[in-house]
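Student: I would like to go through this model term by term. Please set each value against its cut-off.

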Amino acid sequence: MTTFLGLPKPVTYAPEGVGNLRGDESFPHAARSALKSAQLRRNVGIATATIREKRATVVAEVDDWEQLRDAGAAIKADVMARLPELLEQLEAAVTARGGVVHWARDASEANRIIVDLVRETGAREVVKVKSMVTQEIGLNEALESAGIAPIETDLAELIVQLGHDKPSHILVPAIHRNRSEIREIFMREMPDAPADLTDDPRRLAMAARAHLRKKFLSAKVGISGANFAIAETGTLAVVESEGNGRMCLTLPDTLITVMGIEKLLPAWRDLEVFLQLLPRSSTGERMNPYTSMWTAVTPGDGPQAFHLVLLDNGRTAALSDEVGRAALHCIRCSACLNVCPIYERTGGNAYGSVYPGPIGAILSPQLTGMNGHSDPNSSLPFASTLCGACYSVCPVKIDIPSILVHLRARAVDHTRAQSAPNAELISMKAVAWAMRSSRRFGRAERLMRLGRLLGFRRGRITGLPWPGSAWTTSRDLPIPPKETFREWWLRERGALGSTEGDT
Amino acid sequence: MRIALLATCLGDAMFPDVSRATVVVLERLGHTVVFPAGQTCCGQMHVNSGYLDEAAPLVRHHVETFEDALQTCDAVVAPSGSCVGSVRHQHAMIARAKGSPELAERAERVAARTYELSELLVDVLGVTDVGAYYPHRVTYHPTCHSLRMLHIGDKPVRLLRAVRGLDLIELPAADSCCGFGGTFSVKNPDVSTAMLADKMSNVVSTRAEVCTAGDSSCLMHIGGGLSRLRTGVRTVHLAEILAKTEDE
């Protein structure tokens, strides 16, 4: 076993068969189905365009936005560089304030810990704050199979839960639904929905509010994720818009918080940076309406039992990749989703994982590993044109395009090592061989000229056999020219010492 | 100035008019253009498809070819934001990843003197009016790599505004990707086409005759769609517009 930065290799990935980090089909296939829904494309297109504009406006107001991004990136890099030390510091601080810290190596372990903790309280129902990590580990499914009902209290998560649906966006999980679809879901699934409910957003919100209020008042256990955890003080922070989180964090007797180990910040003062970066990048607000912070147990106020579950689930594996580890800097703002031209067309469910969009395309495969060509997550790093829109908005400056390219190489190298050369590898090798010499390349160009025959009648190529058909089903190709530039130069300027640099 | 032309593999094989136009513009401005005949490909397709082992020798070949050229030339120019992006942002990285820091340093030196056409014209040569005449209604698509990798900003637009007779119409949602993405266009043909459809409808909405850009690859994609749908809108590279004069 070799070690890298003290981390053991081979690394341990998130286990298969539990949680929601991997879909059933590859991205191109899932995307094809998603693209067929005109309703989905309209819903997601309108929503992302709106939030993109809001973000751009409020980001433009901040004079030192670029410095804030640099600070965010630097703090996160520092956290990753001394994660073990900071985690232990957090554990000590939480324990000192009366909390209990649990370490979960993966989704199965985390689910087991949480189910056991809920069982000990005797509760049959838990109220949940919107949390990506509980979606990641499939906590709701685990609770349900233990006979415990998880109640999502974030409006959009509630819509997803009642619709027996999957979240399709990090911040707005029901972004793929419009208000009339939401009304239908409420009428069908919410027993206490008023009979005269309309699709007026305010009416919909009030119906959900009345429904949830009863749950908040009766719940004995609350479950949350965390946006930030301060190693120095043991303080946890959740930022939200609706106030449901505040209810879940304060009303029940027992609070269980699950967080990925990368959510740490070293010190209280670091929040200053992230509480500026997150709301502006995320909801396009100057400040989010509710920021809740708590430090384990405060006697006589709020939950009197507090458990913190620290989750790895493939994060250490990601940390061991020198290039890929920057994906762990993500603060789940979802700005990259909102600007991504791929996400805008396919929505989030095509990515198969709870982490969709550009960040999902670099995070999910690193958490699960990529197990060859048939693994849906091996297709995710290729689900991008590398247009760079994600990188330009990322509040912690994760160079997503470069990490995508890096993971593509990892996927290719895996295939290279595991199986006989496929058609793609053979053609890539052949092209690279031809292009290592200008003479060979020139000969290849002359061969390409045969392509003129394919388009001699129309002046363009309109149909090619596979794999060229992937292009020509929707796009024409120009016919190769009679003379390449190289040939023209030699004919016209051949005498002008044109062969310099030939190898 | 003595300038080495990087025609790019796609440009050399499929779009020779673009490189010829680049030569015409630079020579009209009084510069000498050299075509280092050893050139082949920058290796971007291999890098972006994950074939780093295959890309590494192409990077070496490119660096050696243009290192030689730069012995006698002041700069390298390519009529492609994407290829310059690869030279500038990927070559050294590939060399390092493949254990050759020495090649990486040489790649950085070549990259530092390699420019996209509008960068060379506006930043290095200090011209925006290249004496062109192009009496057409034109819309401009800023390609992703020139916009977000090279940060060329409005340089192409400044060049186009100085072209006599040219009616420049702003393209709605201009900065959104056309869906090409190299092998993305064939690995994810459905999403690629969905993106292209939106780009085309924006192009058509301008009622322009010509859609221009600084990259032949993106134009091949947009043009392939516009041609399939018989929109009657042509795609013409920025260099070709800048090369046209009233004498023609």
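Tutor: Start with strands. Two strands pair if DSSP finds at least two bridges between them. Helices (H or I, at least four residues) and strands (E, at least two) are DSSP runs, numbered from the N terminus. Strand β5 (residues 137-140) of chain B and β7(B) are joined by 3 bridges and run parallel. The model is predicted: local features need pLDDT of at least 70, side-chain atom pairs count only at pLDDT 80 or more, and totals for chains, interfaces and linings use all residues. Residues are numbered from 1 along each chain as its sequence is written, chains are lettered from A and ligands numbered from 1 in the order in which they are written, and side-chain values use heavy atoms, with hydrogens and water left out.

Student: What makes β7(B) and β8 of chain B a pair?

Tutor: The bridge count. 4 bridges join β7(B) to strand β8 (residues 234-237) of chain B, and the two run parallel. The definition asks for at least two. One of the partners is B:V236 in β8(B), which bridges to B:T212.

Student: Which way do the residues of strand β7 (residues 210-213) of chain B point, and are they buried or exposed?

Tutor: B:V210 and B:T212 point one way, B:C211 and B:A213 the other way, and all are buried. Buried means under 20% relative accessible area, exposed over 50%, partly exposed in between (1.4 Å probe, protein chains only).

Student: Why is B:S217 called buried?

Tutor: B:S217 has 13% relative accessibility, so it counts as buried. B:S217 sits in helix α13 (residues 216-228) of chain B. Leaving aside neighbours within four places in sequence, B:S217 is in contact (heavy atoms within 4.5 Å) with B:L10 and B:F180.

Student: Why does B:M14 count as buried?

Tutor: Its relative accessibility is 11%, so B:M14 counts as buried. B:M14 belongs to helix α1 (residues 9-14) of chain B. Beyond neighbours within four places in sequence, B:M14 is in contact with A:M448, A:P478, A:I479, A:P480 and A:P481.

Student: How many residues does each chain give to the contact?

Tutor: Chain A gives 65 residues and chain B gives 68 residues. The area buried between chain A and chain B is about 5700 Å², with 61% from carbon and sulfur atoms. Buried area here is the accessible area (1.4 Å probe) that two parts lose on being put together, summed over both.

Student: What makes A:R345 and B:D198 a salt bridge?

Tutor: Distance and atom type. A salt bridge is a side-chain nitrogen of Lys or Arg within 4 Å of a carboxyl oxygen of Asp or Glu. The side chains of A:R345 and B:D198 meet at 2.7 Å, N to O. The rule finds 9 salt bridges across the interface of chain A and chain B. Helix α19 (residues 423-435) of chain A supplies the largest share of the side of chain A that touches chain B, 7 residues.

Student: Which residues form a network of salt bridges?

Tutor: A:D413, A:R416, A:K429, B:D53, B:E54 and B:K98 are linked in one. Over all chains, the structure holds 48 salt bridges.

Student: How do you know that A:E61 and A:R280 form a salt bridge?

Tutor: Their closest N and O atoms are 3.0 Å apart, and the limit is 4 Å. A:E61 lies in the loop between α2 (38-60) and α3 (65-81) of chain A, and A:R280 in helix α12 (residues 271-282) of chain A, 219 residues apart. A:E61 has 36% relative accessibility, so it counts as partly exposed. A:R280, at 14%, counts as buried.

Student: Why does the salt bridge of B:R106 and B:E67 tie together separate parts of the sequence?

Tutor: The closest N and O atoms of B:R106 and B:E67 are 2.7 Å apart. B:R106 lies in helix α7 (residues 101-112) of chain B and B:E67 in helix α4 (residues 52-72) of chain B, so the pair ties together parts that are 39 residues apart in sequence. B:R106 is buried, with a relative accessible area of 15%. B:E67, at 22% relative accessibility, counts as partly exposed.
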